[in-house]
Amino acid sequence: MDRFHELNAFIAVVEAGGFSAAARRTGESQPAVSKAIGALEKRLGVALFNRSTRSVTLTDQGQRYYERTKPLVDEMEEADSELTSSRLDASGLIRIAAASTFGRLHILPLIPELLSRNPGLQVDLVLSDFVRDMVEDRIDLAIRVGPVDLPDAVVRRVAGTPLVCVGSRRYFEQRGIPRNPAELVDHNCLIYGGLLESANWPFVGPEGRFSVSVRGNLSSNSVETMRAGVLAGLGIGLFAKVSLADELRHPDVITILDEFISEVRDVSLVWPKRRFIPARVRRATDFFAKEIPQRL
């Protein structure tokens with residue numbers, strides 16, 4: 001059996017999550033996909049998948065094999081596309097990761113236009129407030145807000161977003177409005193675990209940058225939870241401005257301490273470093289690099 005066919009079947013099963021889904025993705029029958037995987041496992045002398053009646057998952061050997069072979073197959077496909085000019089018609093599945101709130105507000109609305117311009121693309125949009133491991137989670141493109149420290153990835157900054165400190169009118173009527181950052185120690189501050197500073201909020205004053213240690217009765221790694229807490233009058237929150245598109249227009253939400261905040265967070269496109277960038281990834285990065293700044 002053709003080894004390239006075996007590899008394509010293997011990658012399709014991994015990325016589709018099962019043999020039936022892989023068959024639909026490749027246009028082959030399920031027995032043909034199973035036969036290709038069986039031939040590959042026999043040739044390698046190892047089991048690549050754990051199989052049960054409900055799921056198909058990679059073994060440790062299968063995970064290592066995927067991590068080594070996926071970039072090779074991508075490079076082979078890219079080499080073909082360069083010679084045949086098929087890169088003009090980017091196609092295939094692209095797995096995109098973004099933070100939940102930022103993705104819902106700013107990435108999801110752009111997906112229909114991306115697919116309209118590239119009808120051969122399929123998008124798997126992964127929204128999570130956890131930072132995804134790009135290799136383990138098979139992420140083709142991540143859109144990050146904040147610093148990125150990934151030596152094995154390419155990072156392309158496309159925009160910036162300031163931090164904002166906000167609370168509800170109801171909260172401030174009960175507790176008063178802090179006039180300077182030091183007064184935050186007397187307030188209930190909502191702690192977002194996904195922010196770099198977490199409970200040490202950054203500010204700037206006449207003598208330069210400084211931070212204030214804050215505390216409160218609610219913390220979460222979910223921006224949605226923090227937003228709901230602010231709207232409910234629970235306390236004060238520190239957010240990247242892009243996460244508050246709707247709330248900043250709400251009559252009950254008040255921004256405070258603007259003159260003490262100068263921090264700006266990068267909005268970046270991140271993808272695995274490799275010799276050849278698949279056409280679908282290049283097309284998506286170029287699209288988001290142009291469209292994201294216009295939304296922020």
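User: Where is L257 found?

Analyst: L257 sits in the loop between β12 (253–256) and β13 (264–272). Strands here are DSSP runs of E with at least two residues, helices are runs of H or I with at least four, and both are numbered from the N terminus. Note that this is a predicted model: local features need pLDDT of at least 70, side-chain atom pairs count only at pLDDT 80 or more, and totals for chains, interfaces and linings use all residues. Residues are numbered from 1 along each chain as its sequence is written, and side-chain values use heavy atoms, with hydrogens and water left out.

User: Is L257 buried or exposed?

Analyst: L257 is buried, at 5% relative accessible area. Buried means under 20%, exposed over 50%, partly exposed in between (1.4 Å probe, protein chains only).

User: What about the phi of L257?

Analyst: Positive, near 60°, and L257 is not a glycine. Most residues other than glycine have a negative phi.

User: What is the phi of R138, and where is its place?

Analyst: R138 has a positive phi of about 55°. R138 is in the loop between β4 (121–127) and β5 (141–145). R138 is partly exposed, with a relative accessible area of 23%.

User: Switching to H187. Which side chain does its side chain make a polar contact with?

Analyst: That of Y171, at 2.9 Å. A polar contact is an N or O pair within 3.5 Å; within protein, one atom must be able to donate a hydrogen and the other to accept it, and residues adjacent in sequence count only if both atoms are side-chain atoms.

User: Where does H187 lie?

Analyst: In the loop between α7 (169–175) and β7 (189–192). H187 is buried, at 9%.
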